[in-house]
Amino acid sequence: MANLTAADSPELVLQMTAMERTTPAHYDEWNVRHQQFLDNDKYLNEQFVNVFSDSAAAHNSIYRGKNLTNVYTVDEICERISAGTFKDLYIGDYFDVSITTSLGDTETVRCVLAGFDIMWNNGDTAFTKHHAVIVPKDCFKTKAKMNETNVTTGGYAGSAMHTEVLPVYAAALQTALNNHIISHRELLSTAVSTTGNSNAGAGFTGYASSWAWSDCLLRLMSEIQVYGSTVLSSSFYDTGNANIQFPLFRLAPNLKVAGLGHNGSRMWYYLSAVVSAAAFAYCYIIGVSYYHSAAGDGGVRPYFCIG
């Protein structure tokens, strides 16, 4: 059987001779039209290739929101990430995994692609592995405290959330994702002055006063990563290198609102910023930037990098 081949240098043709009752029922009549389809497809594909590249910058600019769960395996997704092309991966695309932990038993986590190579070359040791930032669509199904009492001593890095809760989820996700979570360096707040004024504004006392680089698998998002700016962060020590908004929330800001558990009812979730000597920042269920005492039961919605 002979094949039709697209022309070497096709042009876009937007008119086609209509078939009529008197048109001969001959393959030549169909082939000329099929040829036009082929040429148009090749032309449009060449135009797309000429203006769009498979790179982090290009893929960070397009929101798609496609379910990849039954399209690619986790390993295949990570192959495309590790290659640095991010081919057929776009912001908002997602895949589901199942995890089991001592905190929440078995649950589904919808892993949403939030950005590509966001942290490339960041860190006191440069992060030079191609990666995709993953943000769960919803919080894990079990609430957690930042600390057992209403103190922010030790900053975010010293919180029970970071040192006790997130490692449990990191281990479970690492298993579910075939060890594709990449450890990277993050600059985290490590101390809090309890007497000075917070940048959160009038009436807030206490502010993050130091930071240090740390190896991270999972960490809570900063205010800037969600909102694009600080709101209640107590000082610049709260931000560190978490200083750009994830493309996910720039392109689809409605996704900052999350549920409690997969597709659960709306739930507020903690962010990494110290607000005062007693409170941390959070994203409220209606999308409002706010704060909560450290011993409150809040949602857990961290981010991590895969590749």
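Q: How many aromatic pairs does the structure hold?
A: The model is a predicted one, and twelve aromatic pairs are found in the structure.

Q: How is such a pair described, and what is the geometry of W211 and F236?
A: Two aromatic rings are characterised by the distance of their centres and the angle of their planes. For W211 and F236 the centres are 5.3 Å apart and the planes stand at 80°, so this pair is edge-to-face. W211 belongs to strand β5 (residues 205-216), whereas F236 sits in the loop between α5 (223-227) and α6 (247-251), 25 residues apart.

Q: Which parts of the chain does the pair of F246 and Y303 tie together?
A: F246 is located in the loop between α5 and α6, and Y303 in strand β12 (residues 302-306), so parts 57 residues apart in sequence are joined. Both F246 and Y303 are buried.

Q: How do strands pair in general, and in what order do the five strands of the open sheet stand?
A: Strands of a sheet pair through backbone hydrogen bonds, either parallel or antiparallel. Here the order is β1-β2-β3-β12-β6, with antiparallel pairing. β1 (94-101) and β6 (219-220) each have a single partner strand, so one side of each lacks a neighbour in the sheet.

Q: Which strands does helix α3 lie across?
A: Helix α3 (residues 74-82) lies across β1, β3 and β12, at about 120° to β1. Helix α4 (residues 160-176) also packs on the sheet, where it touches β1, β2, β6 and β12.

How values were computed
Residues numbered from 1 in each chain as written. Predicted model: local features only at pLDDT ≥ 70, side-chain atom pairs only at ≥ 80, totals over all residues. Heavy atoms only, no water. Phe/Tyr/Trp six-rings, centres within 6.5 Å; stacked < 30°, edge-to-face > 60°. Helix = DSSP H or I, 4+ residues; strand = E, 2+ residues; numbered from the N terminus. Buried < 20%, exposed > 50% of the residue type's maximum accessible area, 1.4 Å probe, protein only. Pairing = 2+ DSSP bridges. Contact = heavy atoms within 4.5 Å. Axes fitted to C-alpha atoms, helices over the stretch in contact; angles between N-to-C directions.
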